[in-house]
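Here is a colleague's note for someone opening this structure for the first time. Please keep the sequence and the 3D view at hand while reading.

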Amino acid sequence: MPLEIERKFLLANDGWKNGVTRRICIRDGLIASNNGNKARVRISDSNATITLKSRRRGPSRTEFEYSIPYSDAEEMLRTMCDGQVLDKVRHLIIHAGAVWHVDVYECILHGVVLAEVELQRADQKFDVPGWVGEEVTRDPRYRKINMLTQRIVDLSESQTADAATPATPSTSFPHGLVWHPADPRKREGNGSLKR
């Protein structure tokens with residue numbers, strides 16, 4: 001049975017940028033979600049896949065991934081994801097024999113940066129780079145659907161506040177998720193996650 005064993009972290013600093021070996025542009029769309037099980041379509045550069053994932057049990061879950069025609073993936077993203085499409089650039093970094101992914105989100109989640117490492121076993125020991133911060137694998141606030149929902153709420157609230165007063169809006173994202181400096185509603189920080 002194919003397993004995805006993954007642990008997710010905030011970033012402590014920008015030191016990861018020095019070790020990037022490859023960048024991949026990704027568009028992810030959630031087609032369906034049922035009690036933690038989900039179906040997702042993804043375009044990674046020129047490759048397209050559809051993935052079925054089971055509910056997570058700790059850092060592990062069952063994952064089935066299949067290649068599909070690029071044009072099919074584009075149509076699914078356009079018609080089947082109900083606006084739940086996320087864009088990100090995945091940066092691959094090799095550290096102490098492990099492949100780390102640093103995902104830098106764009107568009108609606110602009111400013112969110114998270115690190116992940118995929119493992120062979122749930123109890124596998126691995127060396128944590130100095131640029132990795134707090135682990136958030138079990139924190140539901142850092143699931144993509146929850147981050148997207150929270151950002152939509154924040155944007156809606158800030159638009160309502162902007163209509164009422166000219167005050168600068170704030171976000172209620174989990175600690176460390178900040179607006180990128182390019183965003184006119186920026187908060188303090190450099191756009192990366194902090195502890």
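The numbered points below go from the overall picture to single residues.

1. **Confidence.** This is a predicted model. The protein averages a pLDDT of 85, and 84% of the residues score at least 70. Residues 167-195 are the stretch to read with care: pLDDT stays under 50 there. For that stretch the model has 69 contacts beyond four places in sequence.

2. **Overall make-up.** The secondary structure comes to 2 helices and 9 strands. Read from the N terminus, the order is β-β-β-β-β-α-β-β-β-β-α. The protein has 195 residues, and buried residues make up 45% of them. Take the contacts between residues at least 6 apart in sequence: 57% of these join residues at least 24 apart.

3. **Strands E3 and E4.** Strand E3 covers residues 37-44 and strand E4 covers residues 47-53. The two pair in the antiparallel sense over 7 bridges. Val41 has Ile50 of E4 as its bridge partner. The hairpin leaves 2 residues between the strands.

4. Most residues other than glycine have a negative phi. Asp45 sits in the loop between E3 and E4. Its relative accessibility is 36%, so Asp45 counts as partly exposed.

5. **Strands E4 and E5.** E4 also pairs with strand E5, residues 60-67, in the antiparallel sense over 5 bridges. Here the bridge partner of Ile50 is Tyr66 in E5. Ile50 therefore deserves a look from both directions, as Val41 has Ile50 for a bridge partner too. The hairpin of E4 and E5 has 6 residues between the strands. Within this hairpin, Gly58 takes a positive phi near 65°.

6. **Helix H1.** H1 spans residues 70-79, and its buried residues are Ala73, Met76 and Leu77. They lie on the same side of H1, because they cover an arc of only 100° around the axis. An α-helix has 3.6 residues a turn, so residues three or four places apart point the same way. What covers the buried residues of H1 includes strand E2 (20-34), E3, E4 and E6.

7. **Helix H2.** H2 runs over residues 144-164, 21 residues in all. From first C-alpha to last, H2 reaches 30 Å, close to the 30 Å expected at 1.5 Å a residue. Met147, Leu148, Arg151, Asp154, Leu155 and Ser158 are buried in H2. Their arc around the axis is only 125°, so they are on the same side of H2. Thr160, Ala163 and Ala164 are exposed on the other side. Strand E6 (85-95) and strand E8 (113-118) are among what covers the buried residues.

8. **Glu6, an acidic side chain to check.** Is Glu6 buried or exposed? Glu6 counts as buried, because its relative accessibility is 6%, and the cut-off for buried is under 20%. Glu6 is found in strand E1, residues 3-11. A polar contact of 3.4 Å joins its side chain to that of Arg56. Beyond four places in sequence, Glu6 is in contact with residues including Pro59, Arg61, Glu116 and Thr137.

9. **Asp28, another one to check.** Asp28 lies in strand E2. Asp28 is buried, with a relative accessible area of 4%. Which side chain does Asp28 join in a polar contact of 3.4 Å? The partner is Arg40. Not counting residues up to four places away in sequence, Asp28 touches Val41, Leu77, Leu86 and Lys144, among others.

10. **Two loop residues.** Gly83 lies in the loop between H1 and E6. Gly83 counts as exposed, at 63% relative accessibility. Gly83 and Ile31 are 52 residues apart in sequence, and their C-alpha atoms are 9.9 Å apart in space. Ala96 is in the loop between E6 and strand E7 (98-105). Ala96 is exposed, with a relative accessible area of 61%. Its phi is near 50°, a positive value in a residue other than glycine.

Terms used
Residues are numbered from 1 along each chain as its sequence is written. This is a predicted model: local features need pLDDT of at least 70, side-chain atom pairs count only at pLDDT 80 or more; totals for chains, interfaces and linings use all residues. Side-chain values use heavy atoms; hydrogens and water are left out. pLDDT is the predictor's confidence in each residue, from 0 to 100. Contact means heavy atoms within 4.5 Å. Helices (H or I, at least four residues) and strands (E, at least two) are DSSP runs, numbered from the N terminus. Buried means under 20% relative accessible area, exposed over 50%, partly exposed in between (1.4 Å probe, protein chains only). A polar contact is a pair of N or O atoms within 3.5 Å; within protein, one must be able to donate a hydrogen and the other to accept it, and residues adjacent in sequence count only if both atoms are side-chain atoms. The expected span of a helix is 1.5 Å times one less than its number of residues. The arc is that of the directions from the helix axis to the C-beta atoms.
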